[in-house]
There are 2 protein chains.
Amino acid sequence: MTRPETTIPDASTPASRLVMKFGGTSMGDLERIRRAARIVAAEVKSGKQVAVVVSAMAGKTNELVAWTDGAGPAAQGLPLSDDEYDVVVASGEQVTAGLLALTLRNMGHNARSWMGWQIPIITDDAHGRARIEDVPGEVLGAAMDLGEIAVIPGFQGVTAGGRITTLGRGGSDTSAVAVAAALECPCDIYTDVDGVYTTDPRIEKKATKLNRVSYEEMLEMASLGAKVLQTRSVELAMAKQVPVRVLSSFVEPDENGNLPVGAGTLICDEEDIVEKRIVSGVTVSRDEARITLLGLADRTDAPADVFTRLAEANVNVDMIVQSQARTAGGVNLTFTTGRRDAVRAEELMTAAKDEIKFEEIRVDADVAKVSVIGVGMRSHAGVAQTMFRALADKGVKFQAISTSEIKISVLIEDAYAELAVRALHSAYGLDAL
Amino acid sequence: MTRPETTIPDASTPASRLVMKFGGTSMGDLERIRRAARIVAAEVKSGKQVAVVVSAMAGKTNELVAWTDGAGPAAQGLPLSDDEYDVVVASGEQVTAGLLALTLRNMGHNARSWMGWQIPIITDDAHGRARIEDVPGEVLGAAMDLGEIAVIPGFQGVTAGGRITTLGRGGSDTSAVAVAAALECPCDIYTDVDGVYTTDPRIEKKATKLNRVSYEEMLEMASLGAKVLQTRSVELAMAKQVPVRVLSSFVEPDENGNLPVGAGTLICDEEDIVEKRIVSGVTVSRDEARITLLGLADRTDAPADVFTRLAEANVNVDMIVQSQARTAGGVNLTFTTGRRDAVRAEELMTAAKDEIKFEEIRVDADVAKVSVIGVGMRSHAGVAQTMFRALADKGVKFQAISTSEIKISVLIEDAYAELAVRALHSAYGLDAL
């Protein structure tokens with residue numbers, strides 16, 4: 001796929017295509033839907049063919065999920081499948097897609113909605129967290145060639161067998177990127193923030209908006225606590241080379257469809273970023289738990305035994321630290337998981353206590369993972385030292401560390417999270433002037 | 001189609017099928033959905049294969065319709081189609097279908113939902129008021145043969161071109177009968193009343209429940225003001241010979257799936273009713289308007305001109321009276337329409353005043369249509385005289401009359417409606433002992 005010229009803002013060519021995605025806040029009521037429609041109309045007026053992907057009204061998905069919870073789990077002996085959960089929950093996006101199409105028509109535009117099963121957005125059959133397998137762009141593209149705005153409910157798809165699926169929370173971002181890949185065009189994600197920041201502005205008011213960020217960095221940021229985009233949508237954008245812009249739905253384009261210069265954040269290839277920073281962002285994730293097995297039998301295969309059991313139960317383990325136990329004859333094994341997985345991990349370990357052989361298990365959810373991310377790390381030494389010194393200067397102790405080529409994460413006591421974020425933001429020169 | 005043995009209540013045979021339909025009140029919240037699920041489960045326990053057709057939660061369709069109204073009409077030059085209205089409004093039944101399937105699974109039953117586009121329930125493309133054209137029963141029946149309860153959202157269908165349609169308000173009754181016809185089985189309609197009454201019990205407390213009523217009578221009753229079933233559903237039941245029972249969702253079957261003896265009303269062939277009454281019911285419709293053209297040119301083709309114009313605009317005319325005008329040189333032409341159509345009729349007539357040639361138009365919505373209905377009229381004389389005498393005795397004047405083989409309707413001043421209903425209910429011997 002060639003990268004369209006629209007990666008350079010405002011350089012639109014005739015008949016170029018664009019996917020625009022609006023989240024639940026932007027679809028919250030009829031007035032907000034009209035605002036989204038005006039933003040779409042401005043892009044259409046500037047000559048673009050537009051497909052719009054929408055979320056459900058803010059709060060609606062939670063209501064629908066609560067109803068499915070209230071209906072209760074399937075009885076024993078029946079498959080615990082989420083196929084009917086998906087039938088219920090997918091309806092929220094169907095409503096906003098129809099309403100946006102009606103609103104666009106009211107403004108004089110040709111528009112029609114395309115359900116997941118109509119395009120179709122083919123997914124696997126992992127109901128409740130399905131993965132998109134194929135989005136044929138031909139029929140959709142042909143309708144757009146005839147001047148029709150395509151309005152597409154996000155979050156939903158259909159199995160090859162014709163059952164409704166949903167992609168998991170935040171899945172509408174992934175829907176939008178998948179549609180953009182099918183239409184071979186860029187994707188603008190309209191949300192309630194005006195771009196991707198060097199860190200969470202609610203924690204550090206000196207945070208600055210990034211004009212560009214690479215796919216790899218965005219992927220790490222999304223995985224490590226930045227909530228602006230769903231991780232899977234960034235993976236897909238990177239794999240399919242879809243240029244993604246994150247924009248605020250409170251900034252409307254001018255009459256030529258142009259956004260203010262420098263609006264939003266473009267997520268693109270590393271090579272398209274001229275000024276590379278060593279560190280682009282500092283993130284914090286509070287969705288962590290630390291689990292320690294005290295007095296684990298000092299066998300070489302003991303850790304393998306533990307992590308095999310966890311992997312087989314689909315519990316993702318992030319950081320791992322092994323240390324000598326204070327008591328004689330054993331080691332302490334510490335690892336971190338997501339907070340939801342921690343309950344299951346504790347159950348698994350406790351149930352297999354006699355087979356694994358350990359004395360005691362401790363679970364601590366009072367932890368936070370603070371990370372620094374930047375593609376510049378690949379070519380710069382000393383990034384880790386800066387991090388450790390900055391934290392030490394503020395008296396922040398860390399309990400575990402994990403690294404990749406472009407990030408370093410430390411696990412710390414939760415109470416120090418904001419302090420650590422501010423110290424690191426400053427230490428890497430990210431503070432706004 | 002052969003009429004199944006289940007037309008005789010409680011004489012179920014192994015593997016006999018049944019369609020059950022629950023209205024919006026019965027789907028109003030999770031507790032009511034559980035009650036409906038228990039009723040379904042009792043039928044399954046008694047050995048029946050069950051398909052369930054559901055309405056949206058009470059009030060939900062109104063909310064969705066209000067949103068589509070709020071989005072506004074399409075701009076001039078765009079087709080004023082209700083296809084996107086249907087996308088929005090059909091979502092209400094999708095939700096309840098998924099929730100009932102989940103609830104049935106929670107109770108240990110195999111169940112799955114089938115959207116209109118999955119079965120498929122093929123309709124024409126008259127969005128917002130589509131008519132069912134075909135319901136293939138093979139795939140649905142095969143799933144039921146394997147022991148699965150099929151849960152089907154009422155009200156919705158799909159065009160041959162794959163767009164979502166809805167059948168118009170009350171359309172879930174029609175969905176249920178169409179599915180029953182496809183499955184060649186009877187249809188039980190669960191609602192908030194316990195059957196079809198000789199008249200509206202809110203007007204005449206001596207009204208009695210009918211154990212059986214013929215298709216023809218039910219059709220007239222539904223057309224003439226009885227709200228228990230949608231007219232189209234009765235037409236379809238008659239055409240396809242589907243036995244329909246109207247039952248209260250507040251009466252639960254016993255552990256063998258049997259309802260109390262004499263529960264509900266069976267709508268069936270006239271020949272299956274042993275004790276025939278001359279008059280089975282008295283109805284009142286307040287949804288009427290009387291339109292009078294004063295001083296219409298006394299040409300023989302003038303009425304034809306008027307009614308052709310109305311027919312071409314899809315305005316249904318019910319009663320017609322022509323009388324000599326008091327002013328010289330003209331006649332007065334009075335006709336009735338539904339109250340909604342009256343506005344359009346007035347506009348049409350006023351716009352064509354000079355071509356039709358009349359002096360003045362008057363529209364009066366302060367009228368009611370009271371009707372007596374009974375297949376016994378075919379073989380009994382004197383039914384009309386009884387009606388006219390009963391009304392005259394109470395001082396009720398009538399403004400127009402229309403008759404068919406099995407009904408007589410009179411148009412009266414609205415204020416007299418209840419009085420007239422009670423007088424007729426008594427005159428035909430329908431009062432409960």
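Trainee: Where in chain A is A:Asp192 found?
Mentor: A:Asp192 is in the loop between β9 (187–191) and β10 (212–214) of chain A. Strands here are DSSP runs of E, at least two residues, and helices are runs of H or I, at least four, numbered from the N terminus. This is a predicted model, where local features need pLDDT of at least 70, side-chain atom pairs count only at pLDDT 80 or more, and totals for chains, interfaces and linings use all residues. Residues are numbered from 1 along each chain as written, chains are lettered from A and ligands numbered from 1 in written order, and side-chain values use heavy atoms, without hydrogens or water.

Trainee: Which residues does A:Asp192 touch?
Mentor: Leaving out residues up to four places away in sequence, A:Asp192 touches A:Thr25 and A:Phe250 (contact: heavy atoms within 4.5 Å).

Trainee: What about A:Lys227, buried or exposed?
Mentor: A:Lys227 is exposed, at 77% relative accessible area, and lies in the loop between α7 (215–223) and α8 (231–240) of chain A.

Trainee: New topic: what rotation superposes chain A on chain B?
Mentor: A rotation of 180° with 0.1 Å of shift along its axis does it, with an RMSD of 0.2 Å (least squares on C-alpha atoms of residues with pLDDT of at least 70 in both). The two copies are therefore related as by a two-fold rotation axis. In chain A, the C-alpha nearest the axis belongs to A:Ser91, 2.7 Å from it.

Methods: Buried < 20%, exposed > 50% of the residue type's maximum accessible area, 1.4 Å probe, protein only.
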